[in-house]
Amino acid sequence: MTQLSPFPSPALAVVIGAGGGIGAALLSALREAGRFEDVIGLSRRGDPPLDLLDERSIRAAAERIAGHRAPPRLILDATGFLHDGDYRPEKSWRQLDPDHLARAFAVNATGPALLMKHLLPLLPRDGKAVFATLSARVGSISDNRIGGWYAYRASKAALNQLVRCAAIELRRTHPQAVCVALHPGTVDTGLSAPFAKAGLEVRPPEVAAADLLAVVDGLTPERSGELVDQNGETVPF
């Protein structure tokens with residue numbers, strides 16, 4: 001069972017992207033931990049439906065969360081886009097496509113930014129509270145050694161900057177809150193499966209979820225605005 005330090009009570013936990021591999025594992029682990037009065041999973045097929053490409057659905061979900069008997073103390077965004085039937089990660093600038101870039105930024109940067117817009121104000125102003133969104137080490141500009149994956153890298157780099165900006169603003173009114181980007185490592189999900197290389201550590205979603213929750217458990221306000229990997233280490237931007 002995942003061990004978590006108690007959040008101030010009463011407390012609500014929210015997982016966005018609960019229909020995906022990591023999101024579903026996070027939802028299950030949080031419910032099993034029993035540290036929250038309630039744990040809500042949100043997705044495009046949920047109730048209420050939450051679609052990152054539709055701000056109205058994000059607003060409606062935020063209103064539902066705001067009306068809950070317990071305030072949200074932990075909000076985890078486990079959404080992301082790398083590839084689908086139409087788009088694959090680019091190996092060269094020759095493959096750059098404006099529609100691919102637009103979709104990557106919409107899901108990986110604009111969507112999470114709108115989540116922060118509507119959900120960060122719901123965090124309690126006193127006591128521990130965490131908003132964390134899944135980013136990626138390949139979004140680090142300083143860590144980029146081999147190039148490629150233009151849309152994914154750039155959109156995750158944008159997400160990291162958005163998190164940093166939001167963390168600075170959040171600190172002014174919520175000094176004990178944390179807003180971070182998390183790198184989950186390579187996880188055995190539909191997003192990463194086609195690109196897992198031989199010799200690369202690929203972890204089951206349940207293991208990745210436990211690792212991420214352990215990282216969240218150890219976060220302090222001083223870490224707000226960082227990109228943090230699955231081992232709790234800061235990844236340089």
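**Group meeting: a lysine, a histidine and some rings**

Hi everyone, let's begin with K156, which sits in helix α4, spanning residues 150-173. One thing to keep in mind is that this is a predicted model.

Is K156 buried or exposed? K156 is buried, yet it has no salt bridge. The nearest side chain of opposite charge belongs to D77, and that is 7.0 Å away. Leaving aside residues up to four places away in sequence, K156 touches T79, G80, N108, L134, S135, A136 and G139.

Now follow the chain to H174, in the loop between α4 and β5 (177-183). H174 has a relative accessibility of 4%, so it counts as buried. Beyond residues up to four places away in sequence, H174 is in contact with L120, L123, P124 and R125.

On to the aromatic rings. How many aromatic pairs are there? The count is two. F7 is buried at 5% relative accessible area, and F36 is buried at 10%.

W149 and Y152 make an edge-to-face pair, with 6.0 Å between centres and 75° between planes. Here W149 is partly exposed at 26%, whereas Y152 is buried at 11%.

Let's finish with charges over rings. The charged end of K128 sits over the ring of F7, 4.7 Å from its centre. R103 lies over the face of F81, 4.8 Å from the ring centre.

How values were computed:
Residues are numbered from 1 along each chain as its sequence is written. This is a predicted model: local features need pLDDT of at least 70, side-chain atom pairs count only at pLDDT 80 or more; totals for chains, interfaces and linings use all residues. Side-chain values use heavy atoms; hydrogens and water are left out. Helices (H or I, at least four residues) and strands (E, at least two) are DSSP runs, numbered from the N terminus. Buried means under 20% relative accessible area, exposed over 50%, partly exposed in between (1.4 Å probe, protein chains only). Lys and Arg count as positive and Asp and Glu as negative; His and the chain ends are not counted. A salt bridge is a side-chain nitrogen of Lys or Arg within 4 Å of a carboxyl oxygen of Asp or Glu. Contact means heavy atoms within 4.5 Å. Rings of Phe, Tyr and Trp (its six-membered ring) pair if their centres lie within 6.5 Å; planes under 30 degrees apart count as stacked, over 60 as edge-to-face and the rest as tilted. A charge sits over a ring if NZ of Lys or CZ of Arg is within 6 Å of the ring centre and within 35 degrees of the ring normal.
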